[in-house]
Amino acid sequence: MARAAFCCDFVDMKTMNEPSANSFTATQENEAQKGEGKGPSAKNRISRRSFLGKSLALGAGTMGAGLLAETAVASASAGITQGDIAILRWLTAAEIIEGDLWQQYNELGGIQDSEVPGGSGNEAYTGALEVLDEDMPQYIHDNTDDEFSHARFLNAFLVSIGEQPVNFDAFRTLPSSQATGARQIGRLTNLMHLNVDTSWYLRYRSARNPDFGFNFPQLIIIANRPAIPPMDLPSGSDAIQAIANTAAFHFAAIEQGGSSLYTTLALKVTNETVLRIVISIGGSEVNHFAIWHDKAGNAPAVSIPGPGGVHFPDLGSFDGNEDKQKNLIMPEPCDFIDQHLPDCSVIRPSSVAKGGAVRAFHAFNDSRLFFGQSTAFVAMLSKLAQDADAAERGI
Ligand SMILES: [Fe+2]
Ligand SMILES: [Fe+2]
């Protein structure tokens, strides 16, 4: 075990922000209360937990600071290496980023309740998302809830083993959408100028694997486009539908990235409890991707012409084309480990070069998710990613 004082940029972060695992939770949940009862429609939309469940969760949370920290976590933390901690810190950072972007989606297009920080919903945007599936608001809400749970848990685990939590509150400076439904608060991420990677659509229908050097083109070119409405737009317009379609492809892009990231980093973990955390949260990311992969295929044809526009084709027209048919959402068996072995249906990529933390950082950054962010924030994230990829199993 090597758990000497952890030294990195987060020492400075701690000076700027007190340890925040708890404040993060409290702030978000207090804010969530403000959105309760609002929203575009309550039709068949429910939270996933009963009040009893909430009470139990609160009880467990209280225990987490005391008894659990001294028993289960303490014994489980034996043998946690500096590499394990670097992996956990990067994953916490990624989850906070995910939480920030999903919160923005939820405020405008999810159900509004007390479970996650909500806005008041945007009728035109929600309607456009529901063109893809009437359950989109529920799924957006629940994905948001999951990301907050990931960040909250990972930070609490770090604290429980005597490590600093990750806190980006000082960087929540980016503007909110001006559309009805969005709260006017500072954001970590920017969803209004996105380059959305749509290559996952072709990759998961292919027998080829990026880990063997195969590069996949984009299915749809989505460059410098909004995934949330920057302002109120007319219901039923091409403009709002193109934004909802962009969001649908971004949902899948984010979650397939998480699927590869957790799979890749699990291979570097030493401690068994940390491994359990990484593969268990990773499974949740895979589940998210599977849902969004299916929903993106329902994106209707719509075009925004001209410079800065976007063209979503009729995905139904690809029926019979194994590279693009929209319902071919199960992971096609592909090259794995050795191309002489039979193809296997797996998460792909899972190599550090193609699916590791640095690759994930570049995917975030290249997508313009941090458009307008400070260079300090981007540099700090880059360092966290490098540290995670430098982890070696057993060291
Ligand atoms: Fe997550
Ligand atoms: Fe996720």
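Isoleucine 87 is in contact (C-beta atoms, placed from the backbone, within 7 Å) with Leu265, Lys268, Val269, Val278, Ala388 and Ala391, leaving aside residues up to four places away in sequence. The model is predicted, so that local features need pLDDT of at least 70 and side-chain atom pairs count only at pLDDT 80 or more, while totals for chains, interfaces and linings use all residues. Residues are numbered from 1 along each chain as its sequence is written, and chains are lettered from A and ligands numbered from 1 in the order in which they are written.

Ile87, Trp90, Tyr125 and Leu265 touch the most other members of the largest nonpolar core, which has 88 residues. Such a core is a set of buried Ala, Val, Leu, Ile, Met, Phe, Trp, Tyr and Cys residues joined through C-beta atoms within 7 Å; a residue is buried if 20 or more other C-beta atoms, placed from the backbone, lie within 10 Å of its own. Helix α10 (residues 238-266) gives the most to this core, with 15 residues. Of the 395 residues in the chain, 48% are buried.

The chain contains 14 helices and four strands, taken as DSSP runs (H or I, at least four residues; E, at least two) numbered from the N terminus. Helix α8 (residues 136-160) packs on helix α11 (residues 272-296) at about 165°, with the axes 12 Å apart; axes are lines fitted to C-alpha atoms over the stretch in contact, and angles run from 0 to 180 degrees between N-to-C directions. The two helices are therefore roughly antiparallel, the term for angles over 145 degrees.

How values were computed
A residue is buried if 20 or more other C-beta atoms lie within 10 Å of its own, exposed if 12 or fewer, and partly exposed in between; C-beta atoms are placed from the backbone. Angles under 35 degrees count as roughly parallel, over 145 as roughly antiparallel, 65 to 115 as roughly perpendicular and the rest as oblique. Two residues are in contact if their C-beta atoms, placed from the backbone, lie within 7 Å.
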